[in-house]
Amino acid sequence: MLERLNEAMEYVERHLGETVDVAEAARIAATSEYHLRRMFSALAGMPLAEYVRRRRLTLAGAEVLAGRDTLLEIAVRYGYGSGEAFARAFRAMHGIGPGEARRTGATLSSQSRMTFRLTIEGGGDIRYRVAGKPAFTVVGPKTRVPLVHSGPNQAIIDFVRGIAAADVERLEKLSDGEPRGILAVCDDLDPSRAEGTELDYYHGVITSSAAPEGASVLPVRAGTWAVFSVSGPAPEAIQHLWRDVFMEWFPSNPYRSRPGPEILRTRLSPDKSVADAELWLPVERDRGLADPGYPSG
């Protein structure tokens with residue numbers, strides 16, 4: 001998987017001076033465009049589109065300083081329709097306009113080419129199982145929140161605190177499907193998974209019962225799920241699990257993510273400092289291999 005991902009990165013590099021076809025890059029990586037974008041963001045810490053933009057501006061910066069071509073020629077070469085648009089993007093990355101950079105020989109920023117390799121850090125195991133699951137329904141209060149990669153998500157904390165304890169108790173009694181109990185369900189995430197992008201957050205349960213008044217309903221298709229478990233300090237252990245799944249598990253296993261909600265079941269210690277958690281992610285077999293028993297839809 002890592003070898004194919006690096007071949008896709010070579011394709012991106014060769015096409016920086018023209019349109020980068022992400023679908024073609026995904027084909028080279030032997031995966032879906034959806035999964036390529038998600039995996040790249042998790043591994044690189046930035047969306048693929050942002051990486052492409054920064055690489056183009058890195059190469060453009062070198063050409064600006066070389067002084068052989070006009071600024072407009074460089075702008076057009078790297079996909080900018082006008083000198084003004086190029087100047088804005090150039091300044092956003094380098095902290096100086098292209099004209100001034102050329103006149104003064106300014107110091108510029110550089111986005112290095114990315115390649116991916118497997119490294120061993122601690123040698124810890126990722127505990128997981130794969131489960132086929134028929135269609136089900138998530139029911140519960142819903143809100144729109146920003147994605148936070150590290151530390152508490154205050155928007156979620158404030159939302160959950162605003163739900164009456166009696167409503168949570170009534171909701172929990174409706175739980176009749178795995179995973180059981182009150183769940184944190186994230187849906188409609190931006191494919192880039194960039195910090196600050198928004199997602200739908202449900203504080204709900206999986207149930208076959210009718211939704212209580214005022215609750216939102218999220219139908220989920222049948223499919224295959226990878227279920228990861230972790231125990232450790234809250235919330236760091238859970239956030240590190242999310243990172244490790246995309247940085248280590250997906251590149252090492254014949255699965256790719258597929259569209260669908262991400263489900264987290266958490267049980268906290270009495271002082272809320274330690275979490276036992278299960279993370280359910282929708283997956284499908286990679287390289288066109290179908291999962292038996294349940295369509296991935």
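This is a predicted model: local features need pLDDT of at least 70, side-chain atom pairs count only at pLDDT 80 or more; totals for chains, interfaces and linings use all residues.

User: What makes up the secondary structure of the chain?

Analyst: The chain has 10 helices and 10 strands. Helices are DSSP runs of H or I with at least four residues, strands are runs of E with at least two, and both are numbered from the N terminus. The C-alpha trace spans about 70 × 40 × 35 Å along its principal axes. Of the 297 residues in the chain, 45% are buried.

User: Why is Glu278 called buried?

Analyst: Buried means under 20% relative accessible area, exposed means over 50%, and partly exposed lies in between (1.4 Å probe, protein chains only). Glu278 has 16% relative accessibility and therefore counts as buried. This residue belongs to strand β10, residues 274–285.

User: What does the side chain of Glu278 make a polar contact with?

Analyst: The partner is the side chain of Trp280, at 3.1 Å. A polar contact is a pair of N or O atoms within 3.5 Å; within protein, one must be able to donate a hydrogen and the other to accept it, and residues adjacent in sequence count only if both atoms are side-chain atoms.

User: Which residues does Glu278 touch, not counting those up to four places away in sequence?

Analyst: Contact means heavy atoms within 4.5 Å. Among the residues that Glu278 touches on this basis are Arg129, Val227, Phe228 and Pro179.

User: Is Ala30 buried or exposed?

Analyst: Ala30 has a relative accessible area of 17%, so this residue is buried. Ala30 sits in the loop between α2 (22–28) and α3 (33–44). The phi of Ala30 is near 60 degrees, a positive value in a residue other than glycine.

User: Why does Lys272 count as exposed?

Analyst: Lys272 counts as exposed because its relative accessibility is 59%. Lys272 is found in the loop between β9 (262–268) and β10. Its phi is near 65 degrees, again a positive value in a residue other than glycine.

Methods:
Residues are numbered from 1 along each chain as its sequence is written. Side-chain values use heavy atoms; hydrogens and water are left out.
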